[in-house]
Amino acid sequence: KQLPAATDARAVVPCLSCGRMMPSARLAAGVAGLFASLLVKASAEYNKRDAEKFWGLSAAAYCGGRKGFNSDLLVSWKCGYACDKVSLVPGSVAPFGRAGVPSAHGIVGKYAPAEDAKCVVAFKGTGNVGDMLTDLASLVAVELDGCAGCKVGRGLRNTYDAIKGDIQQHLRKLGCKSVAVTGHSLGAGQAALAMFDLQRDFHLEPSYTFGQPVIGNRAFQKALSSAASSLYRIVNGTDPVPHSGPADNAEGLYTHHQGAEVFFQGKVTDGHVECAEKDELAGCSYSYFKERTGLDVKTITTAAGEIARLGPVAARNVDYHMYYLDEAIAGQDAQKNCIVEELGGTMYP
């Protein structure tokens with residue numbers, strides 16, 4: 001079934017072959033003549049192998065919160081399936097977090113080979129009740145220090161502020177000259193805030209996030225536009241989280257994403273669509289979500305309305321948020337990603 005044709009050329013790249021989507025390179029060629037005004041990212045810029053590495057990093061960031069997991073396995077980078085996805089220098093990996101701030105956790109590490117001085121920060125996503133409360137707090141917009149006119153979700157700002165000093169300390173200790181960021185869900189939102197913060201002191205490497213919510217208002221989008229040129233937001237099907245974000249009385253629900261959207265309607269082997277960042281929700285997933293769920297999130301104007309209208313839709317589509325690149329990145333089905341200790345030994349749960 002074909003997606004509806006684009007009604008707003010600023011925001012929507014239509015699906016040309018739903019059910020079996022056209023690979024990105026062929027899609028770009030096919031769209032070029034018809035939609036010359038759209039800025040579709042070149043397929044060479046999105047790298048499947050890199051995306052899988054960042055998937056592993058984002059999945060590994062959840063390991064520290066799993067019962068029976070020994071955090072030393074993160075330091076040695078032998079946490080199991082998630083760690084096997086990417087090579088980090090053993091001993092360079094440092095978990096970070098703050099007691100009493102349940103949503104402020106993740107890992108910092110250095111890519112192998114160490115002499116390249118390239119590092120990565122992976123943020124843990126929503127994994128417990130405390131994280132869910134942070135998600136709800138992020139529906140309330142607050143001002144962001146050091147960014148004129150910028151507003152972001154309160155929960156995201158407060159949790160990132162609690163850990164940003166630790167992150168920078170770890171990066172300096174490792175001698176990092178450049179850094180990439182990643183995360184899933186709440187962690188993806190913190191990764192975007194980290195890009196804004198870290199761009200002052202480090203060169204930003206291409207970064208990938210999974211199921212990233214809207215972070216802030218138009219002013220924040222513009223402030224991050226340069227740094228976000230190396231950000232790829234991967235969205236899976238009708239995942240509701242990329243269509244949620246803060247709201248305020250002046251602007252209503254924020255719909256200003258950062259970076260390029262990489263949208264998978266189905267399996268990875270069916271291909272993907274790439275959309276450039278625009279002023280509104282990037283069109284690939286927005287158009288698809290609107291058609292499949294019947295909800296146009298641009299008609300939501302308040303945080304209360306977001307909970308009332310998007311909440312029930314989110315509950316019916318939560319599985320799309322837990323699976324990325326055809327594998328469980330979070331939730332109960334993702335237990336295989338981390339080794340846990342049991343009966344004096346180690347095993348996959």
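Two strands are said to pair if DSSP finds at least two bridges between them, and helices (H or I, at least four residues) and strands (E, at least two) are themselves DSSP runs, numbered from the N terminus. The structure is a predicted model, in which local features need pLDDT of at least 70 and side-chain atom pairs count only at pLDDT 80 or more, while totals for chains, interfaces and linings use all residues. Residues are numbered from 1 along each chain as its sequence is written, and side-chain values use heavy atoms, with hydrogens and water left out.

By this criterion, strand β6 (residues 178-184) pairs with β8 in the parallel sense over 3 bridges, and Phe-210 of β8 is the bridge partner of His-184. Strand β8 (residues 207-210) is also joined by 4 bridges to strand β9 (residues 231-236), again in parallel, with Leu-231 of β9 as the bridge partner of Ser-207. Between β8 and β9 the chain passes through helix α7 (residues 218-224), and this β-α-β crossover is right-handed, meaning that, with the strands pointing away from the viewer, the path from the first strand over the helix to the second runs clockwise.

Both faces of β8 are covered, since Ser-207 and Thr-209 on one side and Tyr-208 and Phe-210 on the other are all buried (under 20% relative accessible area, whereas exposed is over 50% and partly exposed in between, with a 1.4 Å probe and protein chains only). In strand β6, Thr-182 is likewise buried, with a relative accessible area of 0%. A polar atom of the Thr-182 side chain lies 2.6 Å from the backbone oxygen of Tyr-208. Residues touched by Thr-182 (heavy atoms within 4.5 Å), not counting residues up to four places away in sequence, include Leu-57, Val-121, Tyr-208 and Phe-210.

Phe-210 also belongs to the largest nonpolar core, a set of 45 residues in which Leu-57, Trp-77, Cys-79, Phe-210 and Ile-234 touch the most other members; such a core consists of buried Ala, Val, Leu, Ile, Met, Phe, Trp, Tyr and Cys residues joined through side-chain atoms within 4.5 Å. Among the elements that give two or more residues to this core are β8, β9 and α2 (48-61), and the largest share, 7 residues, comes from α2. Apart from this core lies another, of 35 residues, among them Phe-96, Leu-171, Leu-204 and Ala-227. In soluble globular proteins, nonpolar side chains tend to be buried together.

Methods
A polar contact is a pair of N or O atoms within 3.5 Å; within protein, one must be able to donate a hydrogen and the other to accept it, and residues adjacent in sequence count only if both atoms are side-chain atoms.
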